[in-house]
Amino acid sequence: MICGLRPRPVSGDGSDPLLPRRPGRGWRSGIAGLVAAAALSGAAASAVADELDFGIGQAVFERLWVAAPTATQAADGLGPLYNARSCAACHPQAGRGHPPAGRDPQDFGVGFALRLNDDPVYGRQIQALGTPGQVPEGRPTVKWRDEKVPFPDGSVTVLRRPTWGVADLGYGALAGAAALSPRVAPPVRGLGLLERVPEDAILAQEDPDDRDGDGISGRANRTAAGALGRFGWKAANPTLSYQDAEAFSLDIGMSTPHFPAAWADCTAAQDACRGAPHGDSPQFEGLEIPSSMLALVDGYLRDLPPGGGLEAPKAKGAELFDAAGCAACHRPSFTTAGDAAAPHLSKRTIFPYTDLLVHDMGDALADGVAAGLASGREWRTAPLWGMNRLAGEDGRLALLHDGRARSVAEAILWHGGEAEGARRAFVALSRAERQRLIRFVLSL
């Protein structure tokens, strides 16, 4: 395993340094790259090593993990209960997942999972798959109901309201107070830049008591230890490393330095899972994903460009976006903190269109599952950069935390709570104005 190399892509071809050149994949190409790097010196050797780390991190992100034990210990440790065999399975092309359509019992969606409020038997999340000999926890189900939303100009948008459930429960009934929180995997681009947004810039936007009377009372989420959260649907994770480690644990069932249990989310009530073979090894710090391997995945994701948001948007419609109140939460820009160790991420003005705070989004989007300080009604403002990659798919999208919104218009119409004013302002626009606002969002 290659470890201890700091990801710091350097581009010598005039392209954005957030777009490092890809080395050949695989461990053999990695070793060859190190041999080549040894013949270089200074910045050139560092650039080759950084590109090598990026490529290895990508290979780990895309790796299909298998159940233990195997002869290749670097690839085993899946489960025993899990939702996906790789990171890329949930984030195809580093993008978002989608929920099940609700027609095929074997359709579990892509990058889709049902979170729980710490069920005593099922833990924090329903794992729909199991390694040989293991009983999966259950199968996610959904029923969609269409609801028409009319506009004053006579046009209509159809929303689909989901009712979530779990079929084929493998370990008895859920606890009586169980709440199901459906989640689709979000895009994973631009995370290194969001990680470097200064904490004081985030906290400066807080207004938990709505002292300015604008109806927006966003607040920062924090962990039990008091660290500022910024990653995840409820901003419950403080760092990219912690976010990645949680995904390895809950979705793939693998242990990391942050979540060292080899059985991951299996509870004491699931004896077969806890007693099954695991992939933890002494040479891997007694873990399945040791710190060196986790750092490679972190580095790969940290250096993935956002797909947009590296310059101010040029499309018309920004004035409508602002006038409707959307920019009160979807803050257009930040400047990242200085970091000599990561100059390509340092002191950059970025346009992610998020405030990284959590907001009460109303009853329709409430899930009943708290995370850190965030209640069951609160969600982090989703970054909008990278929407330009989806412009041709509007109407076939999977927006919001559970993927219910198939278009930008649907996503806006589901907004409530603190965003109720923005939703009403959008409804009051003329058809041409709504389309201009939507095109602006799809340009970000």
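Trainee: In this predicted model, what makes α6 and α8 count as being in contact?

Mentor: Contact requires heavy atoms within 4.5 Å. L240, S241, D244, A245 and F248 of α6 meet L294, V297, D298, L301 and R302 of α8, so the two helices are in contact by that cut-off. By class, the residues of this contact are 6 nonpolar, 1 polar and 3 charged.

Trainee: How do the axes of α6 and α8 lie?

Mentor: The axes of α6 (residues 240-252) and α8 (residues 291-302) come within 10 Å and cross at roughly 115 degrees. The crossing is right-handed.

Trainee: Why would residues three or four places apart sit on one side of a helix?

Mentor: An α-helix has 3.6 residues a turn, so residues with that spacing point the same way.

Trainee: How do you know that the length of α6 agrees with 1.5 Å a residue?

Mentor: The 13 residues of α6 should span 18 Å, and the end C-alpha atoms are 17 Å apart, which agrees. For α8, with 12 residues, the distance from first C-alpha to last is 16 Å, close to the 16 Å expected. Just after α6, G253 has a positive phi of about 80 degrees.

Trainee: Why is α6 called mostly covered?

Mentor: A residue is buried when its relative accessible area is under 20%. In α6, 10 of the 13 residues are buried, among them L240, S241, D244, A245 and F248. The cover over the buried residues of α6 includes β1 (81-82), α3 (87-90), β2, β3, α4 (191-195) and α8.

Trainee: And why is α8 described as largely enclosed?

Mentor: In α8, 10 of the 12 residues are buried, so the rest of the structure largely encloses this helix. The buried residues include M293, L294, L296, V297, Y300 and L301.

Trainee: What makes β2 and β3 a pair of strands?

Mentor: Pairing needs at least two bridges. β2 (residues 112-119) and β3 are joined by 3 bridges in the antiparallel sense, so they pair. L114 has I126 in β3 as its bridge partner. Helix α6 packs on the sheet here, touching β2 and β3, and its direction makes about 65 degrees with that of β3.

Trainee: Why are β3 and β7 called edge strands?

Mentor: The open sheet has 3 strands in the order β3-β2-β7, paired antiparallel. β3 (123-126) and β7 (181-184) each have a single partner strand, so one side of each lacks a neighbour in the sheet. From one strand to the next, the twist averages 30 degrees.

Trainee: What makes both faces of β7 covered?

Mentor: S181 and R183 on one side, and P182 and V184 on the other, are all buried.

Trainee: How many bridges join β5 to β6?

Mentor: β5 (residues 139-150) and β6 (residues 156-167) run antiparallel and are joined by 12 bridges. P150 stands opposite V156 in β6. This hairpin has 5 residues between the strands, and G154 there takes a positive phi near 95 degrees.

Trainee: What makes the phi of D168 and of D210 worth noting?

Mentor: Most residues other than glycine have a negative phi. D168, in the loop between β6 and β7, has a positive phi near 55 degrees. D210, in the loop between α5 (199-203) and α6, has a positive phi near 50 degrees.

Trainee: Why do D168 and D210 get separate accessibility labels?

Mentor: D168 is at 56% relative accessibility and so counts as exposed. D210 is at 23%, so D210 counts as partly exposed.

Trainee: How do you know that the bond from A68 to P69 is cis?

Mentor: Omega of the bond joining A68 and P69 is about 0 degrees, and the bond is cis. The bond from G79 to P80 is also cis, with omega near 10 degrees. P69 lies in the loop between α2 (42-62) and β1, and P80 is found in the loop between α2 and β1.

Methods. Residues numbered from 1 in each chain as written. Predicted model: local features only at pLDDT ≥ 70, side-chain atom pairs only at ≥ 80, totals over all residues. Heavy atoms only, no water. Helix = DSSP H or I, 4+ residues; strand = E, 2+ residues; numbered from the N terminus. Axes fitted to C-alpha atoms, helices over the stretch in contact; angles between N-to-C directions. Left-handed = near helix turned anticlockwise from the far one by under 90°. Nonpolar A, V, L, I, M, F, W, Y, C, P; charged D, E, K, R; others polar. Expected span 1.5 Å × (residues − 1). Buried < 20%, exposed > 50% of the residue type's maximum accessible area, 1.4 Å probe, protein only.
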